[in-house]
Amino acid sequence: MTPYRIAIVGSGPAGLSAAAHAARLGLSHVLLEKTDHLSDTIFKYQKGKHVMATPSQLVLRSPLDFEAGKREMVLGTWNEQTAAAGVNVRIRAEVTAITGTGDPIPGSVMKLVKRKRDGTSETQDIQRLAPPYRLTLADGETILADTVILAIGTQGNPNLMACPGGDLPHVQYQLDDPSEYTDEHIFVIGGGDAGIENALGLAADPAQNNKVTLVNRSAEFAQAKDANVKALMAARDAGRISIMTQSTTRTIEQGWITLDTAEGEVRAPCDRVIARMGSAPPRSFVEQCGVEFASNDRLAFPKLSATFESTAPGIYVVGALAGYPLIKHCMNQGHDVVEFINGNLDLRPADEPILEAKFTGLPGARSVADWLEYLRSSVSILSGMSSLQMREFMLDSSVRLYRMGEVIFERNAPGSSLFGIAEGQVLVEVNPADPSVTVPIGAGSIFGEVGLISGRRRGATIRAGSDCILVEISRTAALKLMSQVPSAAREITRITTTRSLLQIFKSGLAAEDLAEVIAAATVETIRAGQAIIREGDTGDDIFIIRSGSMVVEKLIGGKPVFLNYVPAGSYVGEMGVISGGPRTATVRAAVKADVIRIPGEPFRALLASRPQLLDTLRAEMANRTAMNNFIESKKDSFSGVVDLYTGVANFLVEQGVGEATDVLLIDEKLCVGCDNCEKACADTHDGLSRLDREAGRTYAHLHVPTSCRHCEHPHCMADCPPNAIHRGPTGEVYIDETCIGCGNCQRNCPYGVIRMDKVPPKKPWLLGWFLFGSGPGPGEPPARWAKKHDPAYAEKAKKAIKCDMCAGQDGGPACVRACPTGAAIRVSPEQFLSVALMGREER
Amino acid sequence: MADADKTDGGRRAMTGKAVARAPRDIAHEGFLTHRGGRWAKIAAELCVAALAIYVMTDPTPRHNGGTWLGYTLGSIGAGLIIWLSLLGVRKRVIGSKPFSLKGWTSAHVWLGLSLIVIGTLHSGFQFGWNVHTLTWALMMIVILSGLWGVSLYATVPEKLSANRGEVTQAQMLEAIRTLDRQLGTAAQPLEADDAALVRMSLEETRIAGSPRQRLSGRYADDGNARALAAISERVMATMRAGRPDERLQQIRFLLERKEAALAQARRHIALKAQLELWLYIHVPVTVALLAALVAHILSVFLYW
């Protein structure tokens, strides 16, 4: 058997594009697809879904066409062009193993450490063998190929039913069209979003007459979105769905299912089983092929060269598996990797023009590759990156020349990006009152890390101390860097710890003074609700809150009373160091938080050598003691007021206000329900309101409506394929126009404040409505009106929309400005969760 | 921000340069006490000044709209009336201009109240059956209805909030629809005459009811209330006869829940209606006042 020149595994955008290009170049190739159709991930999109083609500035190099459009159109084009190009496709060909057939490659042994659930680990050595590779298919057949392109994406394989009967034909792992099934007893296994959505879909139309049962292993639906769980409970209450919790499947037979439940075994009639129990990521399969990953991080990607070649020679990795989730990137990589395999090593990547644009205007005529190498070697935290990583990293970052004296950012400006100094030095204005007092940071180092770690505002103004070249690293790029390059993560942690200490304690401290303190300091992650200091305990550790926030409570009259809210960037526990004695209050995390714990001993030594610092701490301690006393005195005379104050504070913390930077609150003692806030929101934002006044929780007439809180570390940013969510220059978290409408952010937001919708047409002049009743009037126009007045409306793609804090509008958020009674306010939690709150309760 | 900052293909420029956040009002105070009661003070000062001048001057033959003070007060009054009536426009045009509707409302209330003094002093207490007194009377109606509105705004929101708890209006209506569905299902096995009672609840219940019901708050003759009364009667009868009927008890339970859901929704609607009811006097009379004001001014100048 002559080996193929190229075997391509996976027929998504990357694999398909690679195969088509190989066919065009006349290379012998085979495209292996696990399912019975091409491009399974896009195939699984719901019918009629609009597929976006971002980033728009990227040139498409693939032999296949691709532009934004309906799923059917995209798939149709690809199917046609794949056939026309003469691609050698094999469907239903799942690859289960890839091994070399040549001699062992000397020195190329991969150590694979497997961690088991019980905490032990086991090391497996994989000796890499030289190509050609043998690909074993699920049906036992083998294929030989000189090179392999892995383009299998990140979807992985669904977890299978392990019980007897799990392989019967009526057990399925996907539901394409819920309206297909009628008059059946259907069991949906798995209480995640996929399972719940499938169950609801099957039970949606009573005319289908399906008996749908959802089986969940645990008692709660912790994995699923709140809205889905509510819809499920409503369906159960309406008698449309049965739910079995704390149940697992024992056996499946034709027509029957047997379950283990909390009350014992249950056998029930069953015509169909839909198992939605999540999927296993493809990592272990990829590792078994000899491909090494960058780190043990769950989100890590394989180590790749600039030509996408993995640590196994001849095995290339492209597409989502290589860390590129966008279709256009994938298709370009499919093209490029075949060019590389075909010997065209001079091919310049498609993103070259984008990078070139980033480097124009900088002094020194360097090529893109030289610039990347220059930055990598001059900024310490970038040194551990490969050239491919550098390229991708630079796409999310920018480089700029700052002239001497130019301000890079100002104190109190919001910002979450990190700066690396490639050349020159910057000056930190450590004393806000006197800009001439500065501390220099030199080439190779970084700054701006506080904003990155805590999401809070900049702590000091920084200006260029000489002409300097700075790399500005966006938060996403910085996080990716930290997860891919462990040395960078360590370096950033060390610098942040030192700097946050310097910044918090000021008092003319220098980095050298802190050496001992830093050496003893540890970074700890604290669960929401966990206490770091307990009232009455002895202890003299001091804690610096790096991210998240804390609440301080004290037992007064046997009840915990809320004393204070402490945001990131502050410290607690100083009383123990200064005055000794047991702790006077309990400090617990309002949300998941990172703290730096500094043992009392080295800190006391520092205090002894720096009396100024002691004064600073004493002053702060006096403030806190005064407030504690104030609240205690109130407790004697107005016990009800203090209880209510504690109640309101705890309620707000429960509502996630602890991770907010700016939150909309409505005083329902003042709110007349006019919805002018929603109307104002819609009228200032493309006709779509980003807030739901009525929805949300209420405590003691204080209402937290469904509206963005601009979290310190926004959940919505966590998984945005086009990286379209940013924190703006004034602190707002906003979505830009590169949104592809995937809905990830909406699913990730725990507060349900993101909606997917399409922009309605412009409304006629308001005066026309006022005088003649033309148009829909103020506020969000009804969809019916939009459909009538914009022929393209029905076809428009839905995009994610959310509050942008009315950035750029004078006077602040429109919802607050438009409130006629003053019921609505938008504040940061530390502004609101203060003693002033008690004034409200006394009224 | 220069265009040079707009790299990244038109994304909003992300740069380290600080951009100050627009200053905003974060004070937690209602419209009456806006900015520490600034407008209340201004209105009070206006009234005191007008009163003082009125008392200290002694024009011949007497105080009326034709003296210099009368003209001044009249001009202030007319200007205020026109400006106050523009609140209706202001609240609907949000735009990006920095204004606070709360500030406008505050000024509207306090300056509106000062019109009682200014308008009355302008008249010099000369009342009669003419367009001038009509204008004054309309103004007073507008102001008094406004006062009523302020008192409602001070008391009703708390009740509205307490009644709805954390339930939205849409959820209240959905709860009633859900109960209707459950009633429909539960009524399937019933005898025809019992089923007819359930149908009465399903078909003859009006959530908001007639205007008479809405005002009185009495819904005893509504479909659900009648059905509940009749079904309860039957449940009691079967109990007395020693043959308790579970299906009927289930229906009674659902009807009771529906009655409670209806009561909550109706209170919600009634309270929201109260918050708007006064506007049905305030706004139309304002329009009439503006017309009368034009007639008043024209007639003064025409029949000089």
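Mentor: In chain B, P61(B) sits in the loop between α1 (34-56) and α2; helices here are DSSP runs of H or I with at least four residues, strands are runs of E with at least two, and both are numbered from the N terminus. This is a predicted model, in which local features need pLDDT of at least 70, side-chain atom pairs count only at pLDDT 80 or more, and totals for chains, interfaces and linings use all residues. Residues are numbered from 1 along each chain as its sequence is written, chains are lettered from A and ligands numbered from 1 in the order in which they are written, and side-chain values use heavy atoms, with hydrogens and water left out.

Trainee: What kind of peptide bond joins T60(B) and P61(B)?

Mentor: The bond is cis, with omega about -10°. In chain A, the peptide bond from P131(A) to P132(A) is cis as well, with omega near 0°. P132(A) belongs to the loop between β8 (121-129) and β9 (133-137).

Trainee: Why is α2(B) called roughly antiparallel to α4(B)?

Mentor: The axes of α2 (residues 68-85) and α4 (residues 101-123) of chain B come within 9 Å and cross at roughly 150°. Axes are lines fitted to C-alpha atoms, for helices over the stretch in contact, and angles run from 0 to 180 degrees between N-to-C directions. Angles under 35 degrees count as roughly parallel, over 145 as roughly antiparallel, 65 to 115 as roughly perpendicular and the rest as oblique. Therefore α2(B) is roughly antiparallel to α4(B).

Trainee: Which residue classes make up the contact of α2(B) with α4(B)?

Mentor: The contact has 12 nonpolar, 7 polar and no charged residues. Ala, Val, Leu, Ile, Met, Phe, Trp, Tyr, Cys and Pro count as nonpolar, Asp, Glu, Lys and Arg as charged, and the others, Gly among them, as polar.

Trainee: What makes α5(B) roughly antiparallel to α10(B)?

Mentor: Helix α5 (residues 131-164) and helix α10 (residues 246-277) of chain B pack at an angle of about 160°, with their axes 9 Å apart. By the cut-off already given, α5(B) is therefore roughly antiparallel to α10(B). Their contact has 9 nonpolar, 4 polar and 4 charged residues.

Trainee: Why does H710(A) count as buried?

Mentor: Buried means under 20% relative accessible area, exposed over 50%, and partly exposed in between (1.4 Å probe, protein chains only). H710(A) has 0% relative accessibility, so it counts as buried. H710(A) lies in the loop between β40 (702-706) and β41 (725-727) of chain A, and has a positive phi of about 50° although it is not a glycine.

Trainee: Does M805(A) count as buried or exposed?

Mentor: M805(A) counts as buried because its relative accessibility is 5%. M805(A) also has a positive phi, of about 60°, although it is not a glycine.

Trainee: Why does A619(A) count as partly exposed?

Mentor: Its relative accessibility is 43%, so A619(A) counts as partly exposed. A619(A) lies in helix α17 (residues 611-637) of chain A.

Trainee: Which residues touch the most other members of the largest nonpolar core?

Mentor: A nonpolar core is a set of buried Ala, Val, Leu, Ile, Met, Phe, Trp, Tyr and Cys residues joined through side-chain atoms within 4.5 Å. Of the 61 residues in the largest one, those touching the most other members include W78(A), L150(A) and V337(A).
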